[in-house]
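Trainee: Could you take me closely through one part of this model, the main nonpolar core and the elements that surround it? I would like one connected account that I can follow with the structure open beside me.

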Amino acid sequence: MSEPVLNKICKADENGDVYYYTSHEKLPVQVREAEEDDIESIVNLKNEAFSTHNECNYQWILSNWNRPEQKCSRWYVITYNREDGQESQVIGFIFWRIRAGFEVRLTVELDQIAVDKTYRRQGFAKTLIRRSLIKFQEFIQTNFSSFKPQIGFVFVITGERNPAQELYRKSLGLEYKGKIGAIFGASGGFEVRLTVELDQIAVDKTYRRQGFATTLIRRSLIKFQEFIQENFSSFKPRIGFVFVITGERNPAQELYRKTLGLECKGKIGAIFGASGEKNHHG
């Protein structure tokens, strides 16, 4: 059966339930955790949305897939029930991940989102973002029940000219906080070289300021590059850009400058308070 094509829009009713309104039907919309059978649809959507690096997408998605032991990230998809009662094809996906370690108030990143071009500007992306974030919070609470963490801060790293910035503002209340580097070219397209984040580092206080941290950063980055090359041998990606998200007053900034040549590129939000502790207000 062909999909409805007239006067369609995705919106919530007075009870908060989301429907896909066509010219003659009100079809329920659902956001659910992605399953293995959805991988092909996700790859196709990613190829359409990020067409400049199609050959890399399948391997990247597999490397970040919803494995049982992988509890720091999750993929979700959005579909709707067709007139015959069957689930439609996957019309959008989103990928969330926890960043900066486990805290009572977590920092999470909206890493990737794409919606089929036929269904854009109709409310599907906004529904996908909001409903999947609720589900990701529920997933976190279930899998880390010992301390019941809450999502306290959400951020997105995107191209300066990406029109999706308006979507992030409307759906999550996000604001532009600064530029962290030329991750994206003028076209917003993918570069052959990879962007990697130094997420966490710590050295025993007895051994600080003795060169161990510098050695650890530099040698581990080389080993990480070797690991990437071995595990993605079909296209041999290389690390081209490194960034760190840290507190404004964190003295480790000088370490990052000296070891990696990093510079402060802007502020993405009040993640850290004046004391260096996580800001619970996000």
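Mentor: What follows starts with the chain as a whole, moves to the core and the sheet, and ends with the helices.

This is a predicted model, in which local features need pLDDT of at least 70 and side-chain atom pairs count only at pLDDT 80 or more, while totals for chains, interfaces and linings use all residues. Residues are numbered from 1 along each chain as its sequence is written, and side-chain values use heavy atoms, with hydrogens and water left out.

The secondary structure comes to six helices and nine strands, where helices (H or I, at least four residues) and strands (E, at least two) are DSSP runs numbered from the N terminus. Of the 282 residues of the chain, 40% count as buried; buried means under 20% relative accessible area, exposed means over 50%, and partly exposed lies in between, with a 1.4 Å probe and protein chains only. Among contacts with a separation of 6 or more, 59% come from residues 24 or more positions apart, a contact being heavy atoms within 4.5 Å.

The largest nonpolar core has 33 residues, and those with the most contacts inside it are Val 29, Ile 94, Trp 96, Val 108, Ile 113, Phe 124 and Phe 136. Such a core is a set of buried Ala, Val, Leu, Ile, Met, Phe, Trp, Tyr and Cys residues joined through side-chain atoms within 4.5 Å. At least two residues of this core come from each of strands E2 (18–21), E3 (26–33), E4 (73–80), E5 (92–99), E6 (105–115) and E7 (150–155), and likewise from helix H3 (124–143). H3 gives the most, with eight residues. In soluble globular proteins, nonpolar side chains tend to be buried together.

A second, separate core of 13 residues includes Leu 45, Trp 75, Val 90 and Ala 114.

Ile 91 counts as buried because its relative accessibility is 0%.

E1 and E2 run antiparallel and are joined by four bridges, and Tyr 21 in E2 is the bridge partner of Ile 9.

H3 packs with helix H4 (residues 165–172) at an angle of about 50 degrees, the axes being 10 Å apart. H3 and H4 are therefore oblique to each other, since angles under 35 degrees count as roughly parallel, over 145 as roughly antiparallel, 65 to 115 as roughly perpendicular and the rest as oblique. Ala 125, Lys 126, Ile 129, Arg 130 and Leu 133 in H3 meet Leu 167, Tyr 168, Lys 170, Ser 171 and Leu 172 in H4.

Finally, Gln 137 also belongs to H3, and Gln 137 is buried because its relative accessible area is 14%. Beyond residues up to four places away in sequence, Gln 137 touches Pro 149, Gln 150 and Ile 151. Lys 148, in the loop between H3 and E7, counts as partly exposed at 44% relative accessibility, and the C-alpha atoms of Lys 148 and Gln 137 are separated by 9.7 Å.

How values were computed: Pairing = 2+ DSSP bridges. Axes fitted to C-alpha atoms, helices over the stretch in contact; angles between N-to-C directions.
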